[in-house]
Amino acid sequence: FLVGGEQIAFDVVGGQGRFEDWSYKTRYAGQAAGQKFGLKPPKGILAVGVWGCGKSLSIKAMGHAWALPVVQLEMGRLRSSGVGESEANVYRAIRIIEAASPCIVWIDEAEKSLSGGQSSAQSDAGTTSRTIGILSTWLQETTAPVCLAMTANSLKTLPVEFVNRMDERFF
């Protein structure tokens, strides 16, 4: 779903100077004029820090700086009890995201939303591993002007395939 109708600008976010600078420097990369100039939009960013430090607020401010909608992807809403339904939901969400592009796709608390891949074969017949695989392959292969923005409190349980695909990491 689209995050609130609220417009959050960096003037209400404290202590995020490096992230703010980067956001303003890269804002044209996702626009037609920037791409015509040869700029490539970032496919993903990761903001990591303790709870309450402004990661989520910063992602919303990035949307404002880039003049793009921020669409929140909640992995829990994609899970289903039927065989193959979770994977189908992920593919459906990808189609919706690409139809809404250009946009910023925000996964909040990503280390919780995307964890469990290591034990997936024993706990959920591999569903979590497959959904993570679908998302990471899509992120690698999509040509849609979409930037995945993930926030996390810790890197411990965040799948390495996502961490390594992020163009920028902010701590």
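**Close-up views of a predicted model**

**View 1. Buried residues and length of helix H8.** In H8, the buried residues (under 20% relative accessible area, with exposed meaning over 50% and partly exposed in between, for a 1.4 Å probe and protein chains only) are Thr127, Thr128, Thr131, Ile132, Ile134, Leu135, Ser136, Trp138 and Leu139. The model is predicted: local features need pLDDT of at least 70 and side-chain atom pairs count only at pLDDT 80 or more, whereas totals for chains, interfaces and linings use all residues. Residues are numbered from 1 along each chain as its sequence is written, and side-chain values use heavy atoms, with hydrogens and water left out. Helices (H or I, at least four residues) and strands (E, at least two) are DSSP runs numbered from the N terminus. Helix H8 covers residues 127–141, and its 15 residues should span 21 Å at 1.5 Å a residue; the expected span is 1.5 Å times one less than the number of residues. The end C-alpha atoms of H8 are 21 Å apart, which agrees.

**View 2. The salt bridge between Glu87 and Arg130.** A salt bridge is a side-chain nitrogen of Lys or Arg within 4 Å of a carboxyl oxygen of Asp or Glu. In this pair, the closest N and O atoms of Glu87 and Arg130 are 2.6 Å apart. The bridge links distant parts of the chain, with Glu87 in helix H5 (residues 85–100) and Arg130 in helix H8, 43 residues apart. Glu87 is buried, at a relative accessible area of 11%, whereas Arg130 is partly exposed, at 40%.

**View 3. The salt-bridge network of Glu109, Glu111 and Lys112.** These residues are linked in a network of salt bridges. Lys112 pairs with Glu109, the closest N and O atoms being 2.7 Å apart, and with Glu111 at 2.6 Å, N to O. Glu111 is buried at 5% relative accessibility; Glu109 is partly exposed at 30%, as is Lys112 at 49%. The count for the structure comes to three salt bridges.

View 4. A cavity is a set of points on a 1 Å grid over the protein atoms alone where a 1.4 Å probe fits but cannot get out, and lining residues have an atom within 4 Å of a point. Grid points are joined across faces, edges and corners, and the volume is the space filled by probe spheres set on the points. One cavity of 30 Å³ or more is found in the whole structure, and about 60 Å³ of space lies in the largest cavity. Its lining includes Gly30, Trp66, Leu68 and Ile104. Strands S3 (103–107) and S4 (146–152) each supply at least two lining residues.

Conventions
On a 1 Å grid over the protein atoms alone, a cavity is a set of points where a 1.4 Å probe fits but cannot get out, and a pocket is an open set with protein on both sides within 12 Å along at least five of seven lines; lining residues have an atom within 4 Å of a point.
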